[in-house]
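Please look over the sequence and the model below before turning to the briefing. The points that follow are grouped by topic.

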Amino acid sequence: MTFLIRLVIRFYQRFLNPVLKVLAGPMAGCRYQPTCSNFFLQAVERHGPWKGSWYGICRIFRCHPWGGHGYDPVPPAKGADHHEAHH
């Protein structure tokens, strides 16, 4: 499942996103850092295909002209900050 999600996102990044930028203009990009597609990939890697997809979909819905902008990282996996605090 994770492989399929990665494949779809990479297809979007490589083929669809450039077309959208040509059609909508250079300011039509993502308002967040990392971009929504990179956020989605990171979320799936960190949280698995189901929860990661949920995070990615929620991020996409936040990315609109009246939404937020700026740095918005993927939340850490449960227990990750506890593990990182000891290393």
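Which helix gives the most to the nonpolar patch? Helix α1 (residues 2-24) does, with four residues, where helices (H or I, at least four residues) and strands (E, at least two) are DSSP runs numbered from the N terminus. This is a predicted model, in which local features need pLDDT of at least 70 and side-chain atom pairs count only at pLDDT 80 or more, while totals for chains, interfaces and linings use all residues. Residues are numbered from 1 along each chain as its sequence is written, and side-chain values use heavy atoms, with hydrogens and water left out.

**Surface patch**
- Met-1, Phe-3, Leu-4, Leu-7, Val-8 and Trp-50 form a nonpolar patch on the surface, together exposing about 730 Å² of accessible area (Shrake-Rupley method, 1.4 Å probe, with only the protein chains shown counting as cover for residues).
- Such a patch is made of residues with over 30% relative accessible area and no salt bridge, nonpolar side chains (Val, Leu, Ile, Met, Phe, Trp, Tyr) being joined within 5 Å and like charges within 9 Å.
- Leu-4, one of the patch residues, is found in helix α1.

**Helix packing**
- The axes of helix α2 (residues 36-47) and helix α3 (residues 49-62) come within 7 Å and cross at roughly 155°, the axes being lines fitted to C-alpha atoms, for helices over the stretch in contact, and the angles running from 0 to 180 degrees between N-to-C directions.
- α2 and α3 are therefore roughly antiparallel to each other (angles over 145 degrees count as such).
- Contact, meaning heavy atoms within 4.5 Å, is made by residues including Phe-39, Phe-40 and His-47 of α2 and Pro-49, Tyr-55 and Ile-60 of α3.
- α1 and α2 pack at an angle of about 170°, with their axes 10 Å apart, which makes α1 roughly antiparallel to α2.
- Among the residues that make this contact are Ile-5, Arg-6 and Ile-9 of α1 and Phe-40, Leu-41 and Glu-45 of α2.

**Salt bridges**
- A search of the whole structure finds three salt bridges, each a side-chain nitrogen of Lys or Arg within 4 Å of a carboxyl oxygen of Asp or Glu.
- In a salt bridge between Arg-6 and Glu-45, the side chains meet at 2.4 Å, N to O, and the pair links distant parts of the chain, with Arg-6 in helix α1 and Glu-45 in helix α2, 39 residues apart.

**Cis peptide bond**
- Gln-33 and Pro-34 are joined by a cis peptide bond with omega of about -5°, and Pro-34 has its place in the loop between β1 (32-33) and α2.

Key. Parallel < 35°, antiparallel > 145°, perpendicular 65-115°, else oblique.
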